[in-house]
Amino acid sequence: MATEPSPLLEVRALGKCYGAVQALAEADFELRPGEVHALVGENGAGKSTLSRIIAGLTTPDAGAMRLSEASYSPASRRVAEHLGVRMVMQELNLIPTLTVAESIFIDRLPNRLGWVDRKQLHRDARAVLARVGLGELDPATLIGSLGIGQQQLVEIAAGLATTCRVLILDEPTAALTNKETELLFAQIEKLRSAGAGVIYISHRMEEILRIADRVTVLRDGRVVGARSNLQRGKQQDATLLQEIIHLMVGRDLGAAQFRPKVARAEMALRVSGLRAGSAVKDVSFDLRRGEILGFAGLMGSGRTETMRAIFGADRRDAGTMYVGASATPAEIASPQDAVRAGIALLTEDRKGEGLLLPWAVRSNVTLPTMRSVRSPLGWIDRVRESATASRLVSQLRVRCSSVEQPVRELSGGNQQKVVIAKWLERDCDVLIFDEPTRGIDVGAKFEIYELLRDLAGRGKAIIVVSSELPELFAICNRIAVLSAGSLVRIFEEQEFDQNEIMRAALTNY
């Protein structure tokens, strides 16, 4: 009978506190050679704290670690990387003014006589970029000119650029297409075959059940369960998924549906012949109060660009929009015009465009309605501002220590709730959500779904852009499909079919 290999990495009774908050408590974890070990849990469960300690980015308060049976306590990220432990973080750490090649080899630039050897640098970068599907990208391209998905792939390429014993991937596919995800999985398989260990953190359960050998579940800073001997690459028992979700959230979520039951008849928004640049070619639709209209399509189909054009963030080349029951076209040439017309856009990049991360929850919530919390002399009335923020924080069940807590310290799901809160106070009638649950755990997702359903029940008209069809099926009354910038079909609830929607999404390609 074959014996199991000795652990590559051992974590025993690890603990970490931030003030009065116990981020990690007596956590045990191990990783074997050639294993993909998934780490799951809701936002704030302790996954990032544990992985940052392993990667040398955070110092623990208690516990011990061993790497290849030797004591392991890295004092910094550089020390961890020297020992073969690398981490690709969810939050991009790239410098916009550096080139792609410089970003990949920032700590080991090839040089000749003290000068950077550009030819060697670009040659090495091309080889690494090809591994993640970016073989055609010029290594001299500035990071700031790339989209979020390409930046994520550059981060992953940097993590794969050197031989590593332990690779930690934190939400690596959040901004990737299916094709890019498959390339990443192929690289993970090569690492596995070479005997490296991979710690894989993701909210996408279908990915975890596909590639992981083991799953460890964290909740409230503690390890609450684990599942071993997963049959990776094979169809998993549905009960296993439910078990993992139950361990994560501490309750049964069941097969809940969040679609509004009754949509009101009043018109909220009508868009006709919308065109904007090369990304939006022909989009027409209507939206009624009390309904949730989903927008589906492949990467590059023009979904985000359509929403930005409606909101006035991008210039429209053609098309008319009617807000409410008005027969007069709305003049929306800027986001300010859109907000005055009662339209709000919650962007897919909540950190970069939706929030002021260093600011307190209080200031972020009241930002669009600052006039309502001003004193007669024009100063911000802190008492009134705090009362407004506290009311919305309570209403949306935002988990924070107080309204004075900086937004950057909140989990992804709670940050999204803060974005929603600020537009609720503005009381816009049309709410556009672009990828509202990206990077959010399953429990927080369901809370967002419940909130969207409640908003529709109050007569709000809601648009949801999402790359996840199951999400749209669960919450939408109708689904509009974009293909190469054109709206090709709107599916009614009784017509929802994944194959038909994908066929429509491919119409113009």
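Predicted model: local features only at pLDDT ≥ 70, side-chain atom pairs only at ≥ 80, totals over all residues.

Biologist: Fine. Where is Gly297 found?

Modeller: Gly297 sits in a loop. Strand E15 (292-296) is on one side of that loop, and helix H9 (303-311) is on the other.

Biologist: Which residues is Gly297 in contact with, leaving aside neighbours within four places in sequence?

Modeller: Arg303, Leu482 and Ala505.

Biologist: And Ala62? What separates the C-alpha atoms of Gly297 and Ala62?

Modeller: A gap of 48 Å. Along the chain, Gly297 and Ala62 are 235 residues apart.

Biologist: Switching to helices. At what angle do the axes of H14 and H15 cross?

Modeller: Roughly 15°. H14 covers residues 412-426, H15 covers residues 442-457, and their axes come within 10 Å.

Biologist: So what do we call that, parallel or antiparallel?

Modeller: Angles under 35 degrees count as roughly parallel. H14 and H15 are therefore roughly parallel to each other.

Biologist: Is that crossing left-handed or right-handed?

Modeller: Left-handed, as H14 passes H15.

Biologist: Which residues meet there?

Modeller: From H14, they are Gly413, Gln416, Lys417, Ile420 and Leu424. H15 brings Ala444, Glu447, Ile448, Leu451 and Leu455. By class, this contact has six nonpolar, two polar and two charged residues.

Biologist: How about H13 and H14? At what angle do they pack?

Modeller: About 120°, with the axes 10 Å apart. H13 spans residues 382-396. The two helices are therefore oblique to each other. The crossing of H13 and H14 is right-handed.

Biologist: Which residues make that contact?

Modeller: On H13, Thr388, Arg391, Leu392, Gln395 and Leu396. On H14, Lys417, Ile420, Ala421, Leu424 and Glu425. The contact of H13 with H14 divides into five nonpolar, two polar and three charged residues.

Biologist: What lines the largest cavity?

Modeller: Glu171, Ala174, His203, Arg204, Thr437, Arg438, Gly439, Ile440, Lys445 and Glu468. That lining has two nonpolar, three polar and five charged residues.

Biologist: And which residues line the second largest cavity?

Modeller: Arg204, Glu435, Thr437, Arg438, Ser466, Ser467, Glu468 and Glu471. By class, the lining of the second largest cavity has no nonpolar residues, three polar and five charged.

Terms used
Residues numbered from 1 in each chain as written. Heavy atoms only, no water. 1 Å grid on protein atoms, 1.4 Å probe; cavity = no way out; pocket = protein on both sides within 12 Å on 5 of 7 lines; lining within 4 Å. Nonpolar A, V, L, I, M, F, W, Y, C, P; charged D, E, K, R; others polar. Axes fitted to C-alpha atoms, helices over the stretch in contact; angles between N-to-C directions. Helix = DSSP H or I, 4+ residues; strand = E, 2+ residues; numbered from the N terminus. Parallel < 35°, antiparallel > 145°, perpendicular 65-115°, else oblique. Left-handed = near helix turned anticlockwise from the far one by under 90°. Contact = heavy atoms within 4.5 Å.
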